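Here are some notes to read alongside the structure.

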Amino acid sequence: MFHWRAEILPGVSAAFTDSSAGNLALHVGDNPGEVGHRREQLEAAMGVGTGSLRFMNQVHGTNVTVLDQGSGTPEADGIVSRGLPLAVMVADCIPVLLAGNSADGPVLAAVHAGRPGVAGGVIPAALETMKSLGATGVRAWLGPSICGSCYEVPPALRDEVAGAVPAAWSTTSWGTPGLDLPAGARSQLEQAGVPVEYAGPCTLETDSLYSYRRAKDTGRFAGLVWCHE
């Protein structure tokens, strides 16, 4: 079920699922009841209450929302909480997990960092939102995503994104224009003084992970961050 899982702070864990957990997204044409059942199984494996895992309606933007117990499912590409379990779903974009401490306990974030999000600054926006809640000592975990050697884009698009995030400029392994979103994300985190504790493999090159570039009719795996006993 988990590609990677670890306790990242005392009482805080992070994980990235793989395809053995099944598709966890409601927007890819899957049976909603079956998706709901998989989410419940995931929550049981995490050790959190049924229905407590918080998702977002991801739109490739830069909006970051703070969630509390009464919040619904926001249209956003970053969610922040004071301990509520958070999820981000991907199939080539970067699932970015962030965690820090505050006087009121852990501050957590899950960020959907695709090409528009990295270029638009969704990661710095999430860091600023965490800072507004008093978070210090924030660290980052970058889940599996498509790598710069595999992500081919038109030349003009590479120039556009690299104009905003120079570290994202790349060339594919077959010599065409590419984008290295993990390198771009890492550069934004390093600029903010946030260390990257983990970086996952390329989704396109890893059969146990969903990849939209490999197959457009595909599911979504999840990045997860949550508090536990």
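1. Contact here means that heavy atoms lie within 4.5 Å. The model is predicted. With neighbours within four places in sequence left aside, Ile 94 is in contact with Val 111, His 112, Ala 113, Val 118, Leu 142, Gly 143, Ser 145, Leu 181, Pro 182 and Ala 185.

2. Ile 94 also belongs to the largest nonpolar core, which has 35 residues. Together with Val 96, Leu 98, Ile 123, Met 130 and Leu 189, Ile 94 touches the most other members. Two or more residues of this core come from each of strand E6 (94-102), strand E7 (105-113), helix H3 (122-132), strand E8 (136-142), helix H4 (155-164) and helix H5 (181-191). The most comes from H3, which gives five residues.

3. There is a second, separate core of 25 residues. Among its members are Val 12, Ala 14, Ala 99 and Leu 209.

4. Is Thr 206 buried or exposed? Thr 206 sits in the loop between strand E11 (196-199) and strand E12 (221-227). Its relative accessibility is 17%, so Thr 206 counts as buried. Leaving aside neighbours within four places in sequence, Thr 206 is in contact with Pro 201 and Arg 214.

5. A disulfide is a covalent bond between the sulfur atoms of two cysteines. How many disulfides does the structure hold? The number is zero. For Cys 150, the closest cysteine sulfur is in Cys 147, at 3.7 Å, which is too far for a bond; the cut-off is 2.5 Å.

6. Cys 150 is buried, because its relative accessible area is 9%. Cys 227 has a relative accessible area of 25%, so Cys 227 is partly exposed.

Technical notes. Residues are numbered from 1 along each chain as its sequence is written. This is a predicted model: local features need pLDDT of at least 70, side-chain atom pairs count only at pLDDT 80 or more; totals for chains, interfaces and linings use all residues. Side-chain values use heavy atoms; hydrogens and water are left out. A nonpolar core is a set of buried Ala, Val, Leu, Ile, Met, Phe, Trp, Tyr and Cys residues joined through side-chain atoms within 4.5 Å. Buried means under 20% relative accessible area, exposed over 50%, partly exposed in between (1.4 Å probe, protein chains only). Helices (H or I, at least four residues) and strands (E, at least two) are DSSP runs, numbered from the N terminus.
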